[in-house]
Amino acid sequence: MAKPISLEKILFSQGFGTRRYCSDLVYADLVKVNGQLAEDPEERISTEGLILNVDGEDWEYHEKAYIAFNKPPNYECSHKTTHHPSVYSLLPAPLIERGVQCVGRLDFDTTGLLLISDDGQFIHRMTTPKKNIGKVYEITTPEPITQAQIDHLLNGVVLDDDPRPCYATACKLISEHVLAMTIVEGRYHQVKRMMAAVGNHVAKLHRTQIGAYQMPFNLAQGQWRWLTPDDLKQLSQSIEAK
């Protein structure tokens with residue numbers, strides 16, 4: 001059972017501003033707790049199954065933020081962008097306030113599954129090269145994909161900046177121009193460079209899976225959702241399996 005915490009601290013932990021500002025939200029009658037108007041910012045509340053409503057917007061309490069996001073094209077996975085808007089601009093302000101970070105990055109023109117969190121240990125476990133967690137990319141090419149190209153990807157290709165070959169750990173031909181490829185490394189522009197090395201190139205790139213976790217089919221581009229305990233269990237099993 002979660003230990004009760006003052007409402008002011010709860011609001012602060014969820015990214016609704018400074019503790020003083022969070023108190024002011026309560027005094028301004030802008031906070032509801034499980035549907036009931038809150039009156040005292042010092043009231044101690046259980047966080048178990050807690051649903052806040054702040055200035056008319058419902059908000060589930062989560063001690064740590066673990067989010068699945070369907071990245072659209074032409075967004076950068078950075079707080080300080082260069083040429084395109086940031087993926088963080090598509091998230092609600094409280095998540096930004098609590099310092100969420102992308103768990104690894106996708107190129108600006110790559111779409112699909114992106115994990116986002118404010119848990120530094122989780123981010124480290126998911127991104128450390130020691131774990132080599134598989135990531136599945138759906139690759140669309142302008143030229144037909146041949147069996148020889150697939151064999152080459154599975155047997156390993158050498159990129160121009162590293163003598164160590166990099167491998168696809170699995171390949172599944174979806175159609176003549178679409179390949180689902182799994183890789184465990186994360187070298188710079190790796191998928192694009194691997195396809196170029198076997199004589200084809202990437203027209204579109206979309207990530208569908210990280211470890212055992214597949215992006216929900218009903219998560220639209222630019223949308224996000226909290227990861228469930230079962231989702232986190234799948235990701236944890238992906239880490240432990242390495």
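Trp226 is buried in this predicted model, with a relative accessible area of 13%; buried denotes under 20% relative accessible area, exposed over 50%, and partly exposed the range in between, for a 1.4 Å probe and protein chains only. The model is predicted, and local features therefore require pLDDT of at least 70, side-chain atom pairs count only at pLDDT 80 or more, and totals for chains, interfaces and linings use all residues. Residues are numbered from 1 along each chain as its sequence is written, and side-chain values use heavy atoms, with hydrogens and water left out.

Five aromatic pairs are present in the structure. Rings of Phe, Tyr and Trp (the six-membered ring of the latter) are paired if their centres lie within 6.5 Å, with planes under 30 degrees apart counted as stacked, over 60 as edge-to-face and the rest as tilted. One of the pairs, Trp59 with Trp226, is edge-to-face, at 5.6 Å centre to centre and 85 degrees between the planes. Because Trp59 belongs to strand S6 (residues 57-60) and Trp226 to strand S17 (residues 224-226), this pair ties together parts that are 167 residues apart in sequence. Helices (H or I, at least four residues) and strands (E, at least two) are DSSP runs, numbered from the N terminus. Trp59 and Trp226 are both buried. Trp226 also forms an edge-to-face pair with Trp224, with 5.3 Å between centres and 80 degrees between planes. Trp224, by contrast, is partly exposed, at a relative accessible area of 23%. Together with Phe16, the residues Trp59, Trp224 and Trp226 make up one aromatic cluster.

The strands around these residues were examined next. Two strands are taken to pair if DSSP finds at least two bridges between them. Strand S7 (residues 66-71) is mostly covered, six of its six residues being buried. In a regular strand the side chains alternate between the two faces of the sheet. Both faces of S7 are covered, with Tyr66, Ala68 and Asn70 buried on one side and Ile67, Phe69 and Lys71 buried on the other. S7 pairs with strand S9 (residues 111-117) in the antiparallel sense over six bridges, and Phe69 stands opposite Leu114 of S9. S7 also pairs with S17, again antiparallel, over three bridges; here Phe69 stands opposite Trp224.

Strand S6 belongs to an open sheet of four strands in the order S3-S2-S5-S6, with antiparallel pairing. Its edge strands are S3 (36-37) and S6, each of which pairs on one side only. Strand S5 (residues 51-54) and S6 are joined in the antiparallel sense over four bridges, and Leu52 has Trp59 of S6 as its bridge partner.

The count of salt bridges comes to nine, where a salt bridge is a side-chain nitrogen of Lys or Arg within 4 Å of a carboxyl oxygen of Asp or Glu. Among them, Glu8 and Arg19 meet at 3.0 Å, N to O. This pair links distant parts of the chain, Glu8 in helix H1 (residues 7-13) and Arg19 in helix H2 (residues 19-27), 11 residues apart. Glu8 is buried, with a relative accessible area of 10%, whereas Arg19 is partly exposed at 37%. A salt bridge at 3.8 Å, N to O, joins Asp24 and Arg20, both in helix H2 and four residues apart, about one turn of the helix. Asp24 is partly exposed, at 35% relative accessibility, and Arg20 is exposed, at 64%. Arg187 and Glu185 form a further salt bridge (3.3 Å, N to O).

Pockets were defined on a 1 Å grid over the protein atoms alone, as open sets of points where a 1.4 Å probe fits, with protein on both sides within 12 Å along at least five of seven lines; lining residues have an atom within 4 Å of a point. The largest pocket holds about 760 Å³ of space. Of its 32 lining residues, Arg105, Tyr137, Gly186, Arg187 and Arg207 are the closest to its centre. Arg187 is itself buried, with a relative accessible area of 16%. Helix H4 (120-127), strand S10 (135-140), helix H6 (190-197) and strand S15 (204-210) each contribute at least two residues to this lining. The second largest pocket holds about 220 Å³, and its lining includes Glu60, Tyr66 and Trp226.

Note on methods: Grid points are joined across faces, edges and corners, and a volume is the space filled by probe spheres set on the points.
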